Amino acid sequence: MRWTAVFCGAGVLTLAALFSAGLSAAAAPHELRFCLNGDPKTFDALHVSDDNSELVRFLTGGVLLRINRVTDQLQPELAESWKLSEGGRAITFHLRSGLKFSDGSPLNAEDVARTLKTALDPKQASPAGDTFRSTGNTEVRVDSPLDVTIRYSQPKPGIDRLFDTLSIVPEKAGKLPASAGPFFVSEYRPGDYVQLTRNPHYWKHDAAGKPMPYLDSIRLDIQPNREIEVTRFLRGETHLVNKLTPEAFDRIVREKPAAARSLGASLDSEFLWFNQSPSPAVPEWKRKWFTSVAFRRAVSASIHRDDIARVVFRSHAHPAAGVISPANRFWFNASLKELPFDPQSALRGLAAEGFVLKDGTLRDRDGHAVEFSLITNSGNRAREATATVIQDDLRKIGIQVNIVTIDFSSLIERIAKTSQYEACLLGFVNVAIDPMEQMNIWLSSGEQHPWWPLQKKPATTWEAQIDQLELRQASEPSRTLRKKAVDELQRIVAEQEPIVYLVNPDYLTAISPSLRGVQPVTAPPQILWNIEYLTLE
Amino acid sequence: MRRALRRAAACVLILVGLCALLATAIAPYDYSRQFRETPNAPASHRFPMGTDDLGRDRFSRLLYATRVSVVLAPAAALVSILIALFFSAAAGLRKQWANQALSGITTLSLSLPWMFLFIILRAVLPLNTRPLASILVTFGLMGVAGWGWPARIFTASISQVMHSGWLLQARAAGISPWRIACIQIWPHLRAIAIAQFRVLIPAYILSEASLGLLGLGVAEPLPSWGNLLAELQHPDRIHDNPWILAPLALLMLVMISLESLHPTTFLHTTREVAV
């Protein structure tokens, strides 16, 4: 038994890290500093699959078009103009003249075509190319040194907006590849820091003709410990903390109130669902409960979402109404309202299904006491506390909930592969605004379809409806018609509650008052989306 | 002075034990009751140690947690000692090969990565295990896992005694192995067994605390010192409510009391045997 020694060892390491953090080199005058929570796994913009690499890609990558995170409108970047044609099947870009990568090499239509072909090549397994792939042929044609056309055999909805995530890469990519964005990776020390330096060949100039970006460099310190990250910010060693827990945010409010910024409800959501698949881990009588919409709605109505938001998230969360967070203004179905907390109506609904509450225990019509296990990942204190609130709320209608916290990989194994669970409490961290990104969750045949993955055909009529709506929104070129399909999908999910949405946590961040030009938004990268406009005083 | 210290330590342990056993009567509230209007409340007349994140009374939870940790840790220690005694006696009183086999098993037991085994165990336990069953299994396994070190010590002691002249005399006189074990060997082992028992109790309390920090200990809403100590991962909370430190203070008090009892009694018992 040496666990106590391990614990003490961790404490010593933490102190050592704090001490060394205090000794780190002083920042250059126009150098932005903040922490990454881990090493970026790659600097290859086409093979980014983790958050840290994605942030570096955003800061260094040159894209054809950029979605303005405030107005949600597309704005030209490397492409001076673009044109959609053939009913949304083709898009033609006209590049700016004189574009260069950070190493001084020219950037032209050949580079754009090569980047796209690499991203689309299935052998490359490029995550960046996933959203660009489509059934049928995709043609990439260079029309001139400044013009390139991409043509699909079928309409590709929202094709122009996809280019916000595709960074154009040079032909020869070394360990630290050149880039066409505002910065380039100039130095990387694994486990220590990533240094980004201003790209002297970046095309953008401000209205006064001054070259952008305004910052000289960005230093990203690798710091997995969030407490230390906050402590360093409070000491003035870094300029921002990208995402804060409610507790850390309250600490910033106490100690550096001018730096604390709450952006309101984020795109993320916390929710629970029941395992409806025919799994041997779920007895048939329990499966009957889980597949009953009355049961799911009763559970949902008995959970006090306001209390979860107020007590667990310290008032830094909002009760959720459904699939899409209200922060996603365009796609959110504004007609949806959160289900009210009403245990009495829940009991009436259950009684109509044959459930009886007697001596504090709810029993189904066959006399089985209603009891289920709720798994969640260990180490996430807010989620564990949410589970405890749910346990207490459901006890009041006679349901016994057994909370099981297990490590994250075991949890994923259970929900995605073995189906060895009854109910699961988790959250989604949404990185994209477009609901296209959630197709793998909503299609009944999807691998990540939570309550019953990989269905051969939809088990219920409402699931079949959801499938149709998903496919419709994925193939419809008109944004308005897509919105209509997504609205209907949200309505069905709110009615059937296969997933019981709980809260949308607020996006909490800390920004030093010395950092100017910031326009924080809830869509990633929340603080840094207009990096070329930021300045330091 | 030493006697006064021992008495004080014994009083503390008895008091803590009584509080633990009478938790249901003493605690003002049920350990799981949530006063959601007053989360993280400071100490007051209504809540003597304030409330936690979910508005649960810290004092009531500490009493129940003490019952869990203080009652089950000695039980687990007893399991370890009994297993260690059984194996050591079986090996010591038999032939050389048995001794070597025990040595091999002990080495294997000591080299096993028990932490990972605990994680695997949590993964294979039925999900609908109630919190009480879960905590019994956790402490039971700690008891089974922790027999290696005491067994090493017992085996060495038995081996020493087995080569003494008076024991050879006893064997030559035809006294049965069982009688030799009870009358000749046990008095020598008793002091070591008691000392080992006392060493294991705080070790298990701390192990449960460590498991709790990893989310592998006692399931909610049942409190234990482990899951109460987990709050210390956020040291800035101490400023708002210093009573967060109460479980740590109580754990240290119990450990110091156990240690204060331990060496004196050990020497005393050894002296008795030597005489």
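This is a predicted model: local features need pLDDT of at least 70, side-chain atom pairs count only at pLDDT 80 or more; totals for chains, interfaces and linings use all residues.
1. Residues are numbered from 1 along each chain as written, with chains lettered from A in the order of writing.

2. Helix H3 (residues 58-92) and helix H6 (residues 131-145) of chain B have axes that come within 7 Å and cross at roughly 35°. Axes are lines fitted to C-alpha atoms over the stretch in contact, with angles from 0 to 180 degrees between N-to-C directions.

3. Who meets whom? On the H3(B) side the residues include B:Leu72, B:Ala76 and B:Ile83, and on the H6(B) side B:Phe139 and B:Gly143 are among them. This contact holds ten nonpolar, three polar and no charged residues. Asp, Glu, Lys and Arg count as charged, Ala, Val, Leu, Ile, Met, Phe, Trp, Tyr, Cys and Pro as nonpolar, and the others, Gly among them, as polar.

4. Stepping back, chain B has twelve helices and zero strands, taken as DSSP runs (H or I, at least four residues; E, at least two). Its C-alpha trace spans about 75 × 50 × 30 Å along the principal axes.

5. Towards the partner chain, 29 residues of chain B are in contact with 29 residues of chain A (C-beta atoms, placed from the backbone, within 7 Å). Helix H5 (114-124) and helix H9 (177-213) of chain B each supply at least two residues of that side.

How values were computed
Two residues are in contact if their C-beta atoms, placed from the backbone, lie within 7 Å.
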